[in-house]
Amino acid sequence: QVQLVESGGGLVQAGGSLRLSCVTSGRPLSSYIMAWFRQAPEKEREFVAVINWSGGRTYYADFVKGRFTISRDNAKNTVYLQMNSLKPEDTAVYYCAADAVWAQNTVTLRTSYDYWGQGTQVTVSS
């Protein structure tokens, strides 16, 4: 069993920044690829970013490229999402997720991930 716990969400004004954290328990973080998803009210959960076990491979959704950065610290069993230039449309619950294998063209799919956290709320005001 693997547990993921997100933190770092909050209320910020447009143009501001937040850094989200996801701490794992159970297997070491280096055993998994890690991703961030988000879900806004009345919308389906959508892919945000993913990082492989070494941190050498990343992929981002088009709507966050140039603004968000995913990173990981395996020694601390933690993955991060640095969010800059936040917009009101970024308002959502943000979830971290873990998978054992990087599979090309499937890393953006919700169904590819084995473990999920409970989410942390990000609210961006205008």
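View 1. Trp 102 counts as partly exposed, at 22% relative accessibility. Partly exposed lies between buried, under 20% relative accessible area, and exposed, over 50% (1.4 Å probe, protein chains only). This is a predicted model, in which local features need pLDDT of at least 70, side-chain atom pairs count only at pLDDT 80 or more, and totals for chains, interfaces and linings use all residues. Residues are numbered from 1 along each chain as its sequence is written, and side-chain values use heavy atoms, with hydrogens and water left out. Trp 102 sits in the loop between S9 and strand S10 (115-116). Strands are DSSP runs (E, at least two residues), numbered from the N terminus. Beyond residues up to four places away in sequence, Trp 102 touches Ile 33, Val 50, Ile 51, Asn 52, Arg 57, Thr 58, Tyr 59 and Val 107. Contact here means heavy atoms within 4.5 Å. Val 64 is 38 residues from Trp 102 in sequence and 21 Å away in space, C-alpha to C-alpha.

**View 2. The disulfide of Cys 22 and Cys 96.** A search of the whole structure finds 1 disulfide, a term for a pair of cysteine sulfur atoms within 2.5 Å. Cys 22 is joined to Cys 96, with S to S at 2.0 Å. The link of Cys 22 and Cys 96 is right-handed, with 55° about the S-S bond. Distant parts of the chain are linked by this pair: Cys 22 is in strand S3 (residues 18-25) and Cys 96 in strand S9 (residues 92-99), 74 residues apart. Cys 22 is buried because its relative accessible area is 0%. Cys 96 is buried too, also at 0%.

**View 3. The largest nonpolar core.** This core has 36 residues. Such a core is a set of buried Ala, Val, Leu, Ile, Met, Phe, Trp, Tyr and Cys residues joined through side-chain atoms within 4.5 Å. Trp 36, Leu 81, Met 83 and Tyr 94 have the most contacts inside it. Two or more residues each come from S3, strand S4 (33-39), strand S5 (46-51), strand S7 (68-73), strand S8 (78-83), S9 and strand S11 (120-125). In soluble globular proteins, nonpolar side chains tend to be buried together.

**View 4. Thr 120 and its surroundings.** Thr 120 is in strand S11. Thr 120 is buried, with a relative accessible area of 11%. Its side chain reaches the backbone nitrogen of Gly 9 at 3.2 Å. Leaving out residues up to four places away in sequence, Thr 120 touches Glu 6, Ser 7, Gly 8, Gly 9, Leu 20, Ala 92, Val 93 and Tyr 94.

**View 5. A sheet of 4 strands.** The sheet is open, in the order S1-S3-S8-S7, and the pairing is antiparallel. Strands pair if DSSP finds at least two bridges between them. Strand S1 (3-7) and S7 stand at the edges with a single partner strand each, so one side of each is left without a neighbour in the sheet. On average, neighbouring strands of this sheet are turned by 15° against each other, direction ignored. S3 and S8 run antiparallel, joined by 6 bridges. Met 83 in S8 is the bridge partner of Leu 18.

View 6. Phe 68 stands opposite Met 83 in S8. The covered face of S7 holds Phe 68, Ile 70 and Arg 72, while Thr 69, Ser 71 and Asp 73 make up the uncovered face. The hairpin has 4 residues between its strands, and Asn 77 takes a positive phi near 55° there. Asn 77 is a residue other than glycine. At 24% relative accessibility, Asn 77 counts as partly exposed.

View 7. Glu 42 lies in the loop between S4 and S5. Its phi is positive, about 65°, although Glu 42 is not a glycine. Glu 42 is exposed, with a relative accessible area of 83%. Gly 15 is found in the loop between strand S2 (10-13) and S3. Gly 15 counts as exposed, at 54% relative accessibility. Gly 15 and Leu 86 are 71 residues apart in sequence, but 4.9 Å apart in space, C-alpha to C-alpha. Setting aside neighbours within four places in sequence, Gly 15 is in contact with Ser 85 and Leu 86.

Note on methods. A polar contact is a pair of N or O atoms within 3.5 Å; within protein, one must be able to donate a hydrogen and the other to accept it, and residues adjacent in sequence count only if both atoms are side-chain atoms. Axes are lines fitted to C-alpha atoms, for helices over the stretch in contact, and angles run from 0 to 180 degrees between N-to-C directions.
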